[in-house]
Structure formats: C-alpha cells, structure tokens
Amino acid sequence: MSDSQNPNNVPTHTLYDAVIVGAGAAGLNTALLLGRSRRKVAVVDTGQPRNAPATHMQGFLTREGMSPHALLETGRAEVTAYGVHLLDAQADTITPNATGYTVHLAGGATLHTRHAVIATGLRDELPDIPGVQERWAKDLLHCPYCHGYEVRDQPLGVLGTHPNAVNQALLLRQWSDDIVLFPHTLTLTDDDHERLAARDITIAEGHIKRLEIDNDQLRGVELTEGRTVPRGAVFLFPRMVPRDQLLTDLGCHKNDAGWVTTDTAGRTSVPGIWAVGNVTDPRAQVITAAGMGSAAGFALNHDLVDDDVTQAVTQRRKTTP
C-alpha cells in the first residue's frame, strides 16, 4: 500500500479491537476509554466537525467557553497518548468478515476490526434565506442552552422555518423579554397564538426576505413587504440529518423518526456495530456526546472481555488432554 493511500501510516494489517469512525466528542471519548483499557483502537475522521463554525461551547463543566477546535485537539492528543491510532480519511463502507468487520477507506486502504463504532454525527440543513449561511453560528443560532446566556436581554428573533419554531420562541422567553417570532411560511394555530400572547411574544407576519447584515453583524430581519425588524440575534431550528449511511447500509434498525436505535450503551441491532453521539441523538450536546462515548467504551470493552474468555476456554479445551 502506498503512502498516499495511508497518509498516517496507521497499521492496516492489524486486527483492531475497535475502529471508530468519527473523532468528535463521542468518538474520542470512546477511544479514550478503550485506549486506557489497552485495546487496539483506530479512529477514522475527515476533520469536518458539525460545530466547526462555533467559536465557543457552553454547558460543559470545566470546559465552559472553550472552543470546539481546542477541545478536539486536546482530545486527539490524549487518546494518542494511550496508543490509539488516528487516521485522517473517509470511511466509505463497512462489511462483515470472519473476525468482525472490514472498514473500507477512500483510496483503497482497509482496516479489520472486531467491533465498529459509528460517531459520524449529523448535518444541519439550513433554509434558503439570504444571510442565513453567512451568519450561522455567529448571531444566527440554534441552541438556547448553548448560546442563550450570551445573548441574554437582547432583542431576539425566531425564524419560523421549522415546525418547532413556536416552542423555540417560548423557550427563549426566559433569556429575553423582547422576542419576535417570524412565522414566514409556518401556519400558526389558535393555540399557538394564545401561548405566544400569554408570554408577550410578538408575531411579525409576512415572509422573510433576508437577514439584514451590516459591517459583518446582524442588524435585523427584512420581510418581503420591505419592513425590517431590528434584532440583536436570531434563532432557527435547522433540519437535522444524521450522517448514518454506514449504519443504514449494515441494516441497523431505525425508529419511526428515522434515527438509528441503540441500547443505553450504544449497541445497535447489528452485533458488533455501535453508534454514539448525534448520529443517533439530535439533542446530544458536546458533554452528552462525550458521555455516550464513555458508556460505549465501557460496555464495548466488557463485550471484548467476554469474547476473549470464550475464545480462551475453547482453545484450552482443544489443547487439554
């Protein structure tokens, strides 16, 4: 195999105990637990985390305000200290083999493993409104728990581009007294109107034309009628799409909402295949995803111990007169 096919010179003829696809908080924490358990582990990642546009993260004890990039860099250094191999590559497919699974990488390299952990996260589909892409994760935000405190007491807006926009506006009310919901194409029910009015949330009728930006800063929301409603920050609920093709191709069960299901430790319906983080739970924050990785690493190592014992007993019976 050429160096171009394996740029990190990761041992590809090794039978790994686990290959983890995705080096976010969930994947790296899984690797951390397994590395500390002295397991042979490889982590495959393309270096494109979902929260890359964000400059800081909140709600993570002892890591409050830390940049996502710094967290991942620290995590990568920690897992490599325990002998975990990191490979900057794309995992295209995973197929069963006699000892577990083969992870096929873009370019032709393959990794052989007893278990595979999918921690590929999700992608946010944003509405096609001018200004949305440019301001995403700056002053156009999604999670009140991640960013609400930083924009507290400011005039806030909620874009009605998702069925959950009303609930998002009601949630944001505790961070600011000045909330405006822009229904856009959303049809509000009588109950919606009553709840919004009860919380003194203003409704700005009309379709959204664009986000008004000046000097690299959000100024407000412009409606198609020509009126602009000044806002300090705006929230929207994106359509969250799991990056679960590897799991889907393996036949992992999904729930009615279309998300791969797991047990509490991350086991999917396919033996030896695990899933952790946002690929299975769109609500998981960074700290939650890390916890899911910890639980998976703990349980996966116990499964490996059970397999090791079974194999050892079988071998002993073969060799004992």
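**View 1. C252 and C146, two buried cysteines in a predicted model.** C252 is tucked away at 7% relative accessible area, which is why it counts as buried. This is a predicted model, so keep that in mind for every view here. C146 is buried as well, with 17% relative accessible area, under the 20% cut-off. If you're setting up bonds, the disulfide count for the structure is zero. For reference, a disulfide is a covalent bond between the sulfur atoms of two cysteines.

**View 2. H147 in helix α4.** Here we zoom in on H147, which belongs to α4, residues 144-147. Is H147 buried or exposed? Its relative accessibility is 14%, so H147 goes down as buried. Leaving aside residues up to four places away in sequence, H147 touches H56 and L141.

**View 3. The largest nonpolar core.** This core has 26 residues, and the ones touching the most other members are A31, V41, V43, V79, V84, W274 and L300. Which elements give two or more residues to it? They are β1 (15-21), α1 (25-36), β2 (41-45), α2 (68-80) and α8 (286-319). Pick out V84 and, ignoring residues up to four places away in sequence, you'll find it touching A31, G35, V41, V43 and V79. There's also a second, separate core with 25 residues, A89, I94, Y101 and I118 among them. As a general point, nonpolar side chains in soluble globular proteins tend to be buried together.

**View 4. Helices α1 and α8 crossing.** The axes of α1 and α8 come within 7 Å, and they cross at roughly 35°. The handedness of this crossing is right-handed. On the α1 side, the contact is made by A25, A26, N29, T30, L33 and L34. The α8 side brings V286, A289, A290, G293, S294, A296, G297, F298, L300 and N301.

**View 5. A five-stranded open sheet.** Read across, the strands go β8-β15-β9-β10-β11, with parallel pairing. β8 (140-141) and β11 (202-203) sit at the edges with a single partner strand each, so one side of each has no neighbour in the sheet. Further in, β9 and β15 pair in the parallel sense over three bridges. What stands opposite L156? That's A233, in β15.

**View 6. Helix α5 lying across the sheet strands.** α5 lies across β9, β10 and β15, and runs at about 165° to β9. The helix covers residues 165-172 and is mostly covered itself, with six of its eight residues buried. Those buried residues are A165, V166, Q168, A169, L170 and L172. Their cover includes α4, β9 (156-159), β10 (179-182), α6 (190-198) and β15 (233-235).

View 7. D153 isn't a glycine, yet its phi is near 65°. D153 sits in the loop between α4 and β9, and it is exposed because its relative accessible area is 65%, over the 50% cut-off. N215 isn't a glycine either, and has a positive phi of about 55°. You'll find N215 in the loop between β12 (208-213) and β13 (218-223). With 68% relative accessibility, N215 counts as exposed.

Methods
Residues numbered from 1 in each chain as written. Predicted model: local features only at pLDDT ≥ 70, side-chain atom pairs only at ≥ 80, totals over all residues. Heavy atoms only, no water. Core = buried A, V, L, I, M, F, W, Y, C linked by side-chain atoms within 4.5 Å. Buried < 20%, exposed > 50% of the residue type's maximum accessible area, 1.4 Å probe, protein only. Helix = DSSP H or I, 4+ residues; strand = E, 2+ residues; numbered from the N terminus. Contact = heavy atoms within 4.5 Å. Disulfide = S-S within 2.5 Å. Pairing = 2+ DSSP bridges. Axes fitted to C-alpha atoms, helices over the stretch in contact; angles between N-to-C directions. Left-handed = near helix turned anticlockwise from the far one by under 90°.
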